[in-house]
Amino acid sequence: MLNESCINTETPTAAYVHIPFCRRRCYYCDFAVSVVGDRRHGENSGMMEEYVDFLRSEILNQRHFGPPLKTVFFGGGTPSLLSVQQFDRLIKTISDNLGIASDAEISVEMDPGTFDLGKLQGFVAAGANRVSVGVQAFQDDLLRLCGRSHTVADIWRAIDLINQVGVVNFSIDLISGLPHQTPEMMQESLDQVLSINPAHVSHYDLIVEPQTAFGRYYKPGEFPLPDDQTTANLYRQAQKCLTSRFKHYEISNYARPGFECRHNLVYWHNQPYYGFGMGAASYVGGYRLTRPRTRDRYYQWLQSSGGAGVESLRVFHSADLAPAPTEAIAIILGSDILLETLMLGLRLASGVDLVRLQQQFGQETVSQITDILKPLGDRGWVEVVSTQEEPDQPATPHLRLTDPEGFLFSNTILAELFGHLQLSETSTAIGTSAV
Ligand code: SF4
């Protein structure tokens with residue numbers, strides 16, 4: 001039996017802030033971003049300044065009656081295109097209105113070639129204590145083929161700056177499955193990562209979205225993209241190499257102990273979070289909301305809602321009033337919460353706590369899930385293990401995917417699970433709307 005008590009209505013203690021500007025659009029990217037400036041002339045500060053003002057107004061209008069934030073994540077886009085003053089103003093706005101705990105994790109995505117020593121020092125002085133570097137590959141040919149705005153030399157300069165400033169908690173992003181990428185190139189990139197020895201590594205598999213340049217140029221599975229077998233082997237290769245140094249704590253993420261990304265763990269544990277900025281998603285009061293994906297519509301939405309932002313959407317969805325000019329989506333979830341809890345929780349190496357799942361969704365649901373997954377357990381893709389999540393808590397049975405084979409076939413496993421799960425319709429999707 002599912003019911004609305006499954007909905008997590010706690011006050012968020014995590015905030016995502018979207019900075020939708022990039023030097024150029026990478027050929028595989030379908031994120032909500034605008035291209036600004038260039039390496040020679042710098043950024044169009046007018047456009048970014050205007051955005052920062054709107055963003056601050058949205059943050060200021062968020063009512064918050066809980067403890068100060070434990071995590072803040074500046075993602076994009078390329079947040080490192082912000083000036084130190086703009087970043088500092090945003091941090092102060094968040095701190096003044098929502099509060100930021102003294103030991104909060106404050107992450108910033110920073111691309112090689114978009115910051116110098118002064119900027120990194122300024123961001124750190126303003127409060128940033130975790131940096132995520134969008135490296136992607138260590139071959140200039142591959143970076144060019146992807147439309148990245150940086151070179152391998154920029155990567156090394158960025159790492160040097162991070163070390164100079166003494167940012168210990170930094171992460172490197174790598175992508176596999178790029179056109180013309182060979183296992184030898186992948187190994188070279190992995191070896192370089194090991195030589196840098198960051199605190200954290202994210203390894204993503206390229207997804208070719210139809211509306212991107214790659215979607216027009218290439219067909220998934222066909223040369224110069226790798227076939228499915230090669231893609232799987234690249235994942236295994238990365239897993240083998242990275243687990244020699246790091247803990248593989250999430251399907252795409254590796255960390256030295258204690259350096260798991262606390263902000264992203266909020267998503268994977270399906271806990272509430274604020275989202276601010278164009279295209280940003282939030283999960284507040286049981287509502288998932290996605291803001292408009294263009295600057296004009298985002299500004300229009302903020303202006304028409306009188307800055308009430310999320311609150312205006314709540315009114316619309318509960319009272320069926322005329323929509324705000326936004327494609328925001330609001331969902332109150334019943335059965336969706338179960339699916340999301342499984343989909344997100346099974347990304348984690350620790351898996352899903354079956355005792356908690358039983359408390360939330362009932363024994364019948366848990367039995368169904370374990371029955372459906374039994375054949376996949378026999379194939380070695382799924383297992384139930386006794387896990388202690390916190391040192392002071394008792395160990396409980398957790399359902400998890402095996403590493404690497406279960407992780408590799410996670411889409412197949414979830415399709416099998418969701419295809420067979422009989423969901424009780426006492427789980428009510430109260431409001432689902434694309435405005
Ligand atoms: S830097 Fe990131 S967000 Fe910007 S275009 Fe490239 S992939 Fe997209």
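## A walk through the predicted chain

Let's start with a pair of strands: strand 15 and strand 17 (residues 396-401) run antiparallel and are joined by 2 bridges. Two strands count as paired here if DSSP finds at least two bridges between them, and the elements themselves are DSSP runs numbered from the N terminus, with helices being H or I over at least four residues and strands being E over at least two. Val-352 has Leu-399 as its bridge partner in strand 17. The pair belongs to an open sheet of 3 strands, antiparallel in its pairing and ordered 15-17-16. Strand 15 and strand 16 (382-387) are the edge strands, each pairing on one side only. As background, strands of a sheet pair through backbone hydrogen bonds, either parallel or antiparallel.

A word on the ground rules: this is a predicted model, so local features need pLDDT of at least 70 and side-chain atom pairs count only at pLDDT 80 or more, while totals for chains, interfaces and linings use all residues. Residues are numbered from 1 along each chain as its sequence is written, and side-chain values use heavy atoms, with hydrogens and water left out.

Now the overall picture. The chain has 16 helices and 18 strands. Of its 435 residues, 54% count as buried, where buried means under 20% relative accessible area, exposed over 50%, and partly exposed in between (1.4 Å probe, protein chains only). Take the contacts with a separation of 6 or more: 73% of them are between residues 24 or more positions apart, a contact being heavy atoms within 4.5 Å.

Two or more lining residues come from each of strand 4 (69-76), strand 9 (247-250), helix 9 (262-268), helix 12 (335-345), strand 15 (352-353) and helix 13 (354-361). Helix 9 gives the most, with 4 residues. The lining has 13 nonpolar, 16 polar and 9 charged residues; Ala, Val, Leu, Ile, Met, Phe, Trp, Tyr, Cys and Pro count as nonpolar, Asp, Glu, Lys and Arg as charged, and the others, Gly among them, as polar.

Next, the ligand. Of the 13 residues around it, Cys-22, Cys-26, Cys-29, Gly-77 and Asp-111 come nearest, with near meaning that a heavy atom lies within 4 Å. By class, this shell has 6 nonpolar, 3 polar and 4 charged residues.

Over to strand 6 (residues 130-136), where you'll find Gln-136. Gln-136 is buried, with a relative accessible area of 10%, and beyond its neighbours within four places in sequence, it is in contact with Tyr-28, Arg-148, Asp-173, Leu-174 and Ile-175. Phe-138 lies in the loop between strand 6 and helix 4 (140-145) and is buried too, at 6% relative accessible area. With the neighbours within four places set aside, the contacts of Phe-138 include Trp-156, Leu-174 and Val-193. Phe-138 and Val-193 are 55 residues apart in sequence but 9.2 Å apart in space, C-alpha to C-alpha.

Finally, some backbone details. Most residues other than glycine have a negative phi, and most peptide bonds are trans. Gln-136, though not a glycine, has a positive phi of about 75°. So does His-180, at about 70°; it sits in the loop between strand 7 (170-176) and helix 6 (183-196) and is partly exposed, with a relative accessible area of 37%. The peptide bond from Phe-223 to Pro-224 is cis, with omega near 10°, and another cis bond joins Asp-403 and Pro-404, with omega about 10°.
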